Amino acid sequence: MAADGEKQQGHRAGIYKQKNKEHKHGKHRTKGEIERENKGRVSVITLTKKQRKELRKMDRRHKANQLRRNKKDQVLTEKRRLGSRDGPPHLVAVVSLHAGADAGAVTKLLRGDGAGGVVHQEQCVGGVGDSFGLILPRFKQRFIFLSLSTADMHSLLDVAKIADSLVFVLDSAEAWDAYGDYCLSCLFAQGLPSHALVCQGVADLPVKKRVESRRALSKITEVRFPDARLFPLDTEQDATLLLRHLGAQRQRKLGFRSRRSHLLAQQVTFTPNSPAEGAAGGATGLGTLRVSGYVRGRPLRVDRLVHISGHGDFQLSQIDAPPDPLPLHLTPARPAKPGKEGDVDMMDGGEGEAPVRVLMKADPSCRESLQAEAEVDPMDGEQTWPTETELLEAEEARKNKRVMKVPKGTSDYQATWIVDEEEENGDVDEESSDDDDDDDGDDMMDEAMDGDDEENSQDPGSGCASDEEEDDEEEEQEELCSTERAGADQRYDDHMDEEAEEEGLKVYREARSHEMFPDEVDTPLDVAARIRFQRYRGLKSFRSSPWDPMENLPLNYSRIFQFQSYERTRRRILAEAAAEEDGAMDGWYVTLHVVDVPVSVMESVQSGRPLVLVSLLPHEQKMSVMHVLVHRHPSNTEPIKSKEELVFHCGFRRFRASPIFSQHTSADKHKMERFLRPDAPTVVSVYAPITFPPAGVLLFKQRSDGIQDLVATGSLLSCDPQRVVLKRIVLSGHPFKINRRSAVVRYMFFNRDDIMWFKPVELRTKWGRRGHIKEALGTHGHMKCVFDNQLRSQDTVLMNLYKRVYPRWTYDPYVPPTLPWVKKEVTVDVSDLDME
């Protein structure tokens, strides 16, 4: 024990004390370490970076808020302008979707005294008789109502393109019928504006059944309109609620009409051209069309072209500002301020109070041209000096003189123009082989052989036999006619078109054959394959093998226009159109002077069809190759063949054309489809005027009786003449003798020269083998082929050949009016069709 005076010493750790390693945080220090070292001092550089970063973040947030606020204000401004004093009247189209629904009763309630509006009966929209203007001082709004008949599908679609709202009149029990559902399919595919659902007859039901009826009707309508509200319209109070809803509902923006100024004709007059003007224009039956209406969408410029739906493109000469026929006086006793009379204010009043003022006249130097096609120079690309090869060929031709019989007195120059019969027949064969429809060549050959047989049967030597056969046919016809049949069957057969039935059966057989054996064709026996398929070539790889898009272009390509960069041009033109602020502004009531208009336009207006004008963007009158991405409509069950004439509704345009179908892929080459596929999107290529997307597209097929059926819907894809569409044919052969890796194949060709011609093309089989032709055996089309693996006896040898195809130039801007639609019942069983 230590002494009392001694202090106790602390324990010191020895050398064997455990020491843990410090955390290795690399060269980076923590934030707390940095703050402890700096002791509150902050570097100037660090402060600047921090502030800059925070400011950038706040600037982005403020900018996003400003853009959101500006966009919201713009939408509210457009909504408040519609139907107000400074904007165009609210255009409402009333459409009945059921044969039992009465659209006239709806318009009668809307213009009744109980709705509180002032009706302008003299307001006539174009040739539409059941139309009127309605002013509501209570809501400070004005409306234009149109009652459309769904029988004319063209008029319905034209008005739906520019209408601000659609009022669908439904049946209280079934909502809509089959034709109403067909109309809705067309309207949804085109682009549906704001709409409201109206039904009548609910008030006539007992009180206990009203709720159940409305619930059942809502369950039917929610399939097409999941968020729409159903308005009963039986009293004037219901009409007032509907008008308030129409004026306050949210407007749906359609891209293809918001980027272009458009106008629905309110009043139309036609003045024929004088004889001097007709002689100068080179055409008769033309005149000046004066169309009055409200400008909608973008400002309307006088130097731009206008398109009249269904009639074509035209030029404007001037724009006038007549008095507004539908003025909105907020307070009748309130005098107008003299210092704020603008272009819109000066239009208020009657025709006697305010004269018509000319707003602008077209400048011939600045007005856009109506040229739709490029000028074709037939000598473009021709050589003016012969090459050495051509000189040598000419020298050999001069040495090898042909001997031919010519009339007496014929000179050497005249003799060179005389063609032998053999050469003439050879030229005809070559031209027929170059035809675009190479698939129909075999059918044409069969028909020719049948025709030869018929000619042989009419040989003079066999006259007696033919007379006997004719007598037998007459007897059979008399016996057939004498038989009595049921009256219902007779009436059914009277309305049947036998030629259309035979054509439909032929198309069904072709579609089924193409589905079972895609692109397979038979090698003709009487024509050499190297001549029959001389325009086709083989590809090592459809994906990676090159194909020059400027190679062997048809003559029609010299008539079209092409952009260096279509997408860049589209963005520039749409941006310039959005920034334009000159011309007749949105909401003005103007009169357009359209020059050189045919008298058929006025006849269409007088027949009761609405007249719709739209201002075209630059280059939209020029022809090019347009591509449309479509889906086959579920209601269509008939096969649609490529190059078949269809009716197009593309944006505001309506035309007829013969398109080609191709697959929608991202490659540089696209395989042609012989039929419109029901299970995949298809690209439709057609010669048509340039249109800048977005724009909805509808494809109709016209029946032989004049009725048009909706076959496909989609949207505009692009404008690209260099899009390569390749048509594929498949030649098939069968293995005759099979060794380990080689096999003798027959029935693909029938002579030795054809085998040597197609020898470089790669072969494939249906079971995945690949190979090539090694040599020809004999002279009847047998060939020895080598494959990457042994073939099986049930396998089939195939050869793919390709050629580039183009649409047919059958563009026609004049579409005949459609007849009332009738639901077509299809009872053809394709599985039972005879494929022989």
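Leaving aside its neighbours within four places in sequence, with which residues is Phe-648 in contact? The legends below refer to a predicted model, and the first of them gives the reply.

**View 1. Contacts of Phe-648 in the largest nonpolar core.** Beyond its neighbours within four places in sequence, Phe-648 is in contact with Arg-653, Arg-654, Phe-655, Ala-657, Pro-659, Val-684, Val-686, Val-697, Leu-698 and Leu-699. The largest nonpolar core has 77 residues, and those touching the most other members are Phe-168, Phe-648 and Leu-699. In soluble globular proteins, nonpolar side chains tend to be buried together.

**View 2. An open sheet of seven strands.** The strands follow the order β2-β3-β4-β1-β5-β6-β7, and their pairing is mixed. At the edges stand β2 (118-120) and β7 (230-232); each has a single partner strand, so one side of each is left without a neighbour in the sheet. On average, neighbouring strands of this sheet are turned by 30° against each other, direction ignored.

**View 3. The pairing of β3 with β4, and helix α6 on the sheet.** Six bridges join strand β3 (residues 131-136) to strand β4 (residues 141-148) in the antiparallel sense. Within this pairing, Ser-131 stands opposite Leu-146 in β4. Helix α6 (residues 207-221) packs on the sheet and touches β5 (165-170), β6 (194-199) and β7. The direction of α6 makes about 140° with that of β7.

**View 4. The aromatic pair Phe-168 and Phe-225.** The whole structure holds 19 aromatic pairs. In this one, the ring centres of Phe-168 and Phe-225 are 5.7 Å apart and the planes are at 40°, so the pair is tilted. Because Phe-168 lies in strand β5 and Phe-225 in the loop between α6 and β7, the pair ties together parts that are 57 residues apart in sequence. Both Phe-168 and Phe-225 are buried. Ring pairs also link these two residues with Trp-176 and Phe-188 into a cluster.

**View 5. The aromatic pair Phe-563 and Tyr-566.** The ring centres of Phe-563 and Tyr-566 lie 5.6 Å apart with the planes at 50°, so this pair is tilted. Phe-563 has a relative accessibility of 18% and therefore counts as buried. Tyr-566 is buried as well, with a relative accessible area of 10%.

**View 6. Charged ends over aromatic rings.** Arg-559 places its charged end over the ring of Trp-809, 3.9 Å from the ring centre. The charged end of Lys-622 sits over the ring of Phe-561, 5.0 Å from its centre.

Technical notes. Residues are numbered from 1 along each chain as its sequence is written. This is a predicted model: local features need pLDDT of at least 70, side-chain atom pairs count only at pLDDT 80 or more; totals for chains, interfaces and linings use all residues. Side-chain values use heavy atoms; hydrogens and water are left out. Two strands pair if DSSP finds at least two bridges between them. Helices (H or I, at least four residues) and strands (E, at least two) are DSSP runs, numbered from the N terminus. Axes are lines fitted to C-alpha atoms, for helices over the stretch in contact, and angles run from 0 to 180 degrees between N-to-C directions. Contact means heavy atoms within 4.5 Å. A nonpolar core is a set of buried Ala, Val, Leu, Ile, Met, Phe, Trp, Tyr and Cys residues joined through side-chain atoms within 4.5 Å. Buried means under 20% relative accessible area, exposed over 50%, partly exposed in between (1.4 Å probe, protein chains only). Rings of Phe, Tyr and Trp (its six-membered ring) pair if their centres lie within 6.5 Å; planes under 30 degrees apart count as stacked, over 60 as edge-to-face and the rest as tilted. A charge sits over a ring if NZ of Lys or CZ of Arg is within 6 Å of the ring centre and within 35 degrees of the ring normal.
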